[in-house]
Amino acid sequence: MTLCQLFLQPDAAYSCISELGELGIVQFRDLNPNVNSFQRKYVNEVRRCEEMERKLRFLETEIKKDELPIYDPEDNPDAPKPREMIDLEATFEKLDHELKEINTNADALLRNFNELTELKHNLTMTQGFFDDAEMAFTPAHNRNQRDSDDDQVQLLYEYSMISHNKLGFITGVVPRERMVAFERMLWRVCRGNVFLRQAEIPELIEDPVSGEKLHKTVFVVFFQGEQLKNRVQKICEGFRANIYPCPENPHERRELAMGVMTRLEDLTVVLSQTQDHRQRVLAATSRNLRTWQIKVKKIKAIYHTMNMFNNDVARKCLIAECWAPVSELDRIQLALRKGSEASGGGTVSSVLNRMVTREQPPTHHKLNKFTQGFQNLVDAYGVATYREINPMPFVLITFPFLFAVMFGDAGHGILVTIFALWMVLKERSLKDKWRNQEVWTIFFGGRYIILLMGIFSIYTGIIYNDVFSKSLNIFGSSWRVRFGDDTLAKHDSVMLEPTPYNYTRSGDYRQMFSGTPYPIGLDPVWQLADNKITYTNSVKMKFAIIIGITQMGFGLFLSLWNHLHFNHRHAIYLEFLPQIIFLACIFFYLIILIFYKWTSFDGSKATDAPSLLIHLINMILFSYKTDPPSAAVFYTGQKQFQTFLILLAVLCVPWMLLGKPIYRIVMNKRRANYSTVTNHAAGNDSDVEEQHQDEFHDPAEKRGVVLDADVRDTDTEDMLDDEHSHQQHHQHEVEMSEVWVEQGIHTIEYFLGCISHTASYLRLWALSLAHAQLSEVLWHMILHLGLSMNGYGGAIASFFVFMPWSSLTVFILLLMEGLSAFLHALRLHWVEFQSKFYKGEGYPFVPFSFRLLLDEAPVEA
Amino acid sequence: MEKFAITLIIFTVFWGLIGIVLPFLIPKGQNKRLIQVMLTLTSACCWLFWLCFYLHQWKPLFGPQLKRDNARIIRSLWGSEF
């Protein structure tokens, strides 16, 4: 990773950045951190981009409203040239304007349409009222058919004829639910001096103002006089009734009605045409929408990046600083050349200049879709310091393995593997589905992790001989029952003889164990045994300790690799050696004891078998009793050898505690001596030059002395900037007290950690026990109930019992236990494994990449 | 005793082939090192796991404790001979 300076021509800058964005391997630094975002050079362009995005969002909502499909572009459209941006802006403006116009017109037309519909109903109904009134004055022989309504209308008519006062009327339409309140209000306010007739409109009508469909009622209010008229009008306004003028003359009414009908027909045609036009516009837009969105995003990203550059007025160019991997420099040069040519073949192409710096570069790992998930797991704890070893390739296998040790059921493993296989094989189609569901994206993102976890779980399930809490007997058990009926009749439970040869003097001995263990995994006989847990506890705990110590030792060797890489010779002798010796003396010795116990003690010596835990404790306490046989010495020379080991281990503590600080002190003194010597020799030379001389005298040592985290692979041997070497001068004088404290913390952390981390690995045993027991509970309490019943009842019971068993298996055993084992395996890696070698103080390399930009933005499905 | 040794050798050779020999046969490519690391680690972990369970059962310090009915069933199902 190297820091580069780019000198870009202002005309060529845009296309160069576009090419670099497509390449995606360069991380730009912000050279104007103190500048407000509103004061930056390209703020106007960014603003224009955002305006375009707003218009595109509006278009998208309109398209979605009409439920038209949006086409995804197959290929990746390039970032358009600056001139194209103006064209895009014009297009969007035109579309935006057009669509808004269509919308307003459609709204106005719709409102008109609704009003006319109401008017039509109004006229029809009032026509009915007045017809009734007229019918009341037909010849006398029809009077028998009168009913109360007609009475009223007749009275009205007569009254109006008599009084010669014109009865005024108002017709209108009001929502049905308000009719009763309306009537009551009219009655109260006008003191009963108005006459209301109403008729319901049978179909739903869209209200012109609110746009929702309601049931409405047509009403006619008859009144006399101006005052009442005003009151009625006010009430109508209050109840938001729509008033329509209705001519008194039936002839006029009929004309008006016909006019309304024709207008309605015209409006229907116009409305449908407007809708068609809108659909056409939106369909045309939907084809290009995604491409435009990608283009605008790219333009905006380019201008954001250009805002980070330094505009050098004197040299008339833009200066950019970026981090780039050394191996990709050729490709970057090529991209720059392409960009310069594309922007009109300027005379001077852009220049890339490598810079030297003491700053820590970002950490860049080359990943693919498989390793990305595991790298995320590691990075969640801390991004690797620049150039230190990446634990991910090892975590890739050990994490699923430790998960499987805790999960350990082949049946559950098969289910998990099937789920993960489905996700992996259907990757392409599932990638963009359900992007808004966070839980799903987490599972999908970790599909390779889950796949490996499932495969390892099948293996550990076979070794534990546990398939949905049942054991498989493939190779034939190594145990046989050789008890006679009389023995079985006497005792409720019997224990089989573990020694495969006759060690007793008596003839009662019967061989029940074949002497050869079951080839793969746990013998199936244990599934039926009452003391299964006691037996498996022993092996699981021993295995947990063995794998834990092995993993921690492996971590220490990785730290050795780190030291070798950074050329910290001193750290190898002063840190790695005491650490590994301590681990070996106590814990590798423990592993050897475990293997010794496995191979040397059999059933005949069961009571004399040593308890390794007691022996470990006694070893540290230097106490060697002979009292219980399990604590007595079991090989000659044990006491002396163990004492030697403990003394060696104890020696390691001050070795690690004092070694490094003393080394530092010695180094500082040597440095001080050197600089005083050169000071005298050079006379009035500046500080800088001395440092140059100093460096060139001792290049190998220089690297080793500077604080560990600072050494990196930038080409510091070639050139040294003035300011940078000045910084280095200060770094030599580091606080000694800080070194002492830091080393003290590291020492305590390591030595105490060794013991506590070893015990921490016992969670592998604990969780596998819990899983096995939960599985067995589900079997005995649920599935067994159905399967143990006979006959047809048993068949039905089995059917019904399967649902709770399967759902509990999935939710408790797969999901909950799976999550738990995942968490614990992750903790074991983050704390117990990585604390042996991993610093994790880096920051990630986030390149300027269009692909990353477009992937991140969630596509709203 | 012989059967014990044979099984031990078979499995050690099996995982040894996967973990030590196979990595040399991986074709050159971008992921060669990664696959080699994966194979070695997998075979080491799996072999160690198998070995611990195998050794633990070789010289058991106590036998399974069976209920009377289970013992009878096993005796009739599996017989009394090895």
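This is a predicted model: local features need pLDDT of at least 70, side-chain atom pairs count only at pLDDT 80 or more; totals for chains, interfaces and linings use all residues.

Trainee: Which residues make the nonpolar surface patch of about 750 Å²?

Mentor: The patch of about 750 Å² is built from A:Phe419, A:Trp422, A:Trp434, A:Val439, A:Phe443, A:Val810, A:Phe811 and A:Leu815. Now look at where those side chains come from. Helix H11 (410–425), helix H13 (438–445) and helix H25 (791–833) of chain A each give at least two residues to the patch. H25(A) has the largest share, with three residues.

Let's zoom in on A:Phe419, which sits in helix H11 of chain A. Its relative accessibility is 32%, so A:Phe419 counts as partly exposed. That matters for the patch, because a residue needs over 30% relative accessible area to be part of one.

Now step back to the whole chain. Chain A exposes about 44500 Å², and carbon and sulfur atoms supply 59% of that. Of its 861 residues, 48% count as buried. The chain has 26 helices and twelve strands. Take the contacts in chain A with a separation of 6 or more: 80% of them are between residues 24 or more positions apart.

From the surface, let's go inside. The largest nonpolar core has 119 residues, and those with the most contacts inside it are A:Phe401, A:Leu764 and B:Phe49. Apart from that core lies another one of 50 residues, including A:Cys4, A:Ala12, A:Tyr14 and A:Ile102.

Next come the charged side chains. Over all chains, there are 29 salt bridges in the structure. One of them joins A:Glu22 and A:Lys298, at 2.8 Å from N to O. This pair links distant parts of the chain: A:Glu22 is in helix H1 (residues 10–23) and A:Lys298 is in helix H7 (residues 250–307), 276 residues apart. A:Glu22 has a relative accessible area of 31%, so it is partly exposed. A:Lys298, at 1%, counts as buried.

Another salt bridge brings together A:Glu328 and A:Arg331 at 2.9 Å, N to O. A:Glu328 has a relative accessible area of 11%, so it is buried, while A:Arg331 is partly exposed at 42%. Elsewhere, salt bridges with shared partners join A:Glu51, A:Arg54, A:Lys55 and A:Glu93 into one network.

Let's finish in helix H2 (residues 43–65) of chain A, where A:Glu45 sits. A:Glu45 is buried yet has no salt bridge, and the nearest side chain of opposite charge, A:Arg48, is 4.6 Å away. Setting aside neighbours within four places in sequence, A:Glu45 is in contact with A:Met85 and A:Tyr303.

Definitions and conventions: Residues are numbered from 1 along each chain as its sequence is written. Chains are lettered from A and ligands numbered from 1 in the order in which they are written. Side-chain values use heavy atoms; hydrogens and water are left out. Helices (H or I, at least four residues) and strands (E, at least two) are DSSP runs, numbered from the N terminus. Buried means under 20% relative accessible area, exposed over 50%, partly exposed in between (1.4 Å probe, protein chains only). Lys and Arg count as positive and Asp and Glu as negative; His and the chain ends are not counted. A salt bridge is a side-chain nitrogen of Lys or Arg within 4 Å of a carboxyl oxygen of Asp or Glu. Contact means heavy atoms within 4.5 Å. A nonpolar core is a set of buried Ala, Val, Leu, Ile, Met, Phe, Trp, Tyr and Cys residues joined through side-chain atoms within 4.5 Å. Accessible areas come from the Shrake-Rupley method with a 1.4 Å probe; for residues, only the protein chains shown count as cover. Patches are made of residues with over 30% relative accessible area and no salt bridge: like charges are joined within 9 Å, nonpolar side chains (Val, Leu, Ile, Met, Phe, Trp, Tyr) within 5 Å.
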